[in-house]
Amino acid sequence: MDPASYLEHLGSALQKYHYDEVRPLTDQIDPSLFTSQQAKKALGLLRRRRRFVDLEHLAMLFIAGGKCEPHIRRQWAQALLDQNRLERGLSVLSDMAQKVETDPVEGPEVRGLIGRAYKQRYVNEGGEENLRQAIASYEGDWLAKRGDYRWQGINEAALIARGTRDGVDLKPVETAEEIALAVRDEIETNQLSNVWDYATALEASVALADQASALKWAKVYVQHPGADAFELGSTLRQLKEVWRLEKTALGQILLPPLECALLQKNDASLEPVKLAGKIKTEGFEAVWGDHSIVNIEWFESLRERLHAIARIKNSVSGRAWGTGFLALGSLFRPKWKDNLVLITNAHVVSHNPADEASLRPDEAVAEFTRLADSPRVVLGKMLYTSPRFQFDVSIFELVSPNGCCSLSPAIRLPLVDDPDPMKRRVYVVGHPNGEKLGVSLYDNSVAEYDGCYVRYRSPTEGGNSGSPVFDCQLSAFAVHHRAREDKKLNEGVLLRDIQAALCTE
């Protein structure tokens, strides 16, 4: 495939979220035919969509084809870092550092990525030397005002502040506050309007403990046309992992509206922060203005629903296999009265060999990770099951833990052809790959209905089996159960059809 055709097809596949087409497309290219600019564009497309495995693969093809330009090797290293393969990424960057030392573009970029690698090391495992190495990697370009030095500066400020909180005696050339003030003053004085300048000014305000300014910059940041899921997700990660804002007074106010903004973007995923008590309204009022009441109520509703969702685990090994959620029993069968029941997939928990379930009922526990102390509850009597090739659902009695809630099935289904794109949106909430509870969405809209099944474009992983599928009003209307590779869609079973089947039995 010639470079122009590849770029066209690659862009189309990424735009449509047909990620399974990327590798076959890439394997058709002759890397020697690409100009430096074409290679840069292809790598940039993948990086923008955070397709880091595919980015690594393409960069290695270019390198194997004799294209060893610094920007190609740097993007290879970035792909490694974003897969948390820090040692390999550092090795690549260290080999490059001396060669690009005087390059006005690649030199600062490579040193910045070295700083990022050591920063992530410190976040992951601590170690004063990792912190010092990260600061040193950012400091030179910040002081000399080389490259994208405001990015270098704000990262240095964040790490100095983190070191101070962690009790590390760094003796920096400048304090975190001095750097942050200089960065923010330059952005304000020069009226810089790049999306990353807005994010940097926001972070500088955090460093200065200036709540009013942080909220002011958050408002213009989330409304910037360039602030998509990639940018917002990166900012939230920095605020949570490096600044550790989650349990601070500023974090209680600033993080929820940023998370809400992220959830209104395509191509997003989020693990909502745990807060002490109710969400603070100040952040929403400052960031969203007249729309604050709608957004805060929607976000509070989402957070409340998280208390109904459980990770399904093996009671002995602790291995997670899927997701389940609580609902009021009487909504499905009157004789179940007001008892809460747990709903999951039959291919997650079942005694029927045909379901090829990951767990038998006597092996499974439900862990409510959003409740205090993450209680684990043994599944009770199986009340109903339908094979994986029908409804693919198992319903169990459960002793409800304190603080839980239940989900109510939607009265109406979202319309495939609704003229309002927000009303076509769906949210899949579960434990992807058995990890922390998260909300994931890409091109998150209803695509089609087929009998008792609904298909949608929201991305899911193995651990999402049994997750509730919410509409834009956060009413559960389906149980996620599989991906349809033939249609490049995900599929859930409609709760209304499960209700109808139970009421007629």
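Before moving on, some ground rules. This is a predicted model, with residues numbered from 1 along each chain as its sequence is written; local features need pLDDT of at least 70, side-chain atom pairs count only at pLDDT 80 or more, and totals for chains, interfaces and linings use all residues. Side-chain values use heavy atoms, with hydrogens and water left out. Helices (H or I, at least four residues) and strands (E, at least two) are DSSP runs numbered from the N terminus, and two strands pair if DSSP finds at least two bridges between them.

**Stop 1: the hairpin**

Keep that selection. Strand 11 (446-450) and strand 12 (453-456) pair in the antiparallel sense over four bridges. They form a hairpin with two residues between them, and in the turn Gly 451 has a positive phi of about 65°.

**Stop 2**

Now bring up the seven strands that form an open sheet in the order 6-5-2-3-4-8-7, with antiparallel pairing. Strand 6 (376-378) and strand 7 (382-386) are at the edges with a single partner strand each, so one side of each has no neighbour in the sheet. On average, neighbouring strands here are turned by 30° against each other, direction ignored (axes are lines fitted to C-alpha atoms, for helices over the stretch in contact, and angles run from 0 to 180 degrees between N-to-C directions). Zoom in on strand 2 (309-314) and strand 5 (364-367): four bridges join this antiparallel pair. Lys 313 stands opposite Val 365 in strand 5.

**Stop 2: helix 10**

Select 176-189. Helix 10 has 14 residues and reaches 20 Å from its first C-alpha to its last, close to the 20 Å expected at 1.5 Å a residue (the expected span is 1.5 Å times one less than the number of residues). Colour by burial next: buried means under 20% relative accessible area, exposed over 50%, partly exposed in between, with a 1.4 Å probe and protein chains only. The buried residues of helix 10 are Ala 176, Ile 179, Ala 180, Val 183, Arg 184, Glu 186 and Ile 187. Look down the axis of helix 10 and its buried residues fall within an arc of 160°, so they line one face (the arc is that of the directions from the helix axis to the C-beta atoms). Their cover includes helix 8 (128-144), helix 9 (149-165), helix 11 (195-207) and helix 12 (211-222), where contact means heavy atoms within 4.5 Å.

**Stop 3: aromatic pairs**

Rings of Phe, Tyr and Trp (its six-membered ring) pair if their centres lie within 6.5 Å; planes under 30 degrees apart count as stacked, over 60 as edge-to-face and the rest as tilted. The count by this rule is eight aromatic pairs. Show Trp 196 and Phe 230, an edge-to-face pair at 6.3 Å centre to centre with 85° between the planes. Trp 196 lies in helix 11 and Phe 230 in helix 13 (229-242), so the pair ties together parts 34 residues apart in sequence. Trp 196 is partly exposed at 35%, whereas Phe 230 is buried at 12%. Next, pick Tyr 198 and Trp 217: this pair is tilted, 5.6 Å centre to centre and 55° between the planes. Finally, Tyr 6, Phe 34 and Phe 62 are linked by ring pairs into a cluster.

**Last stop: a loop**

Arg 50 sits in the loop between helix 3 (36-48) and helix 4 (52-64). Its phi is near 60°, positive in a residue other than glycine.
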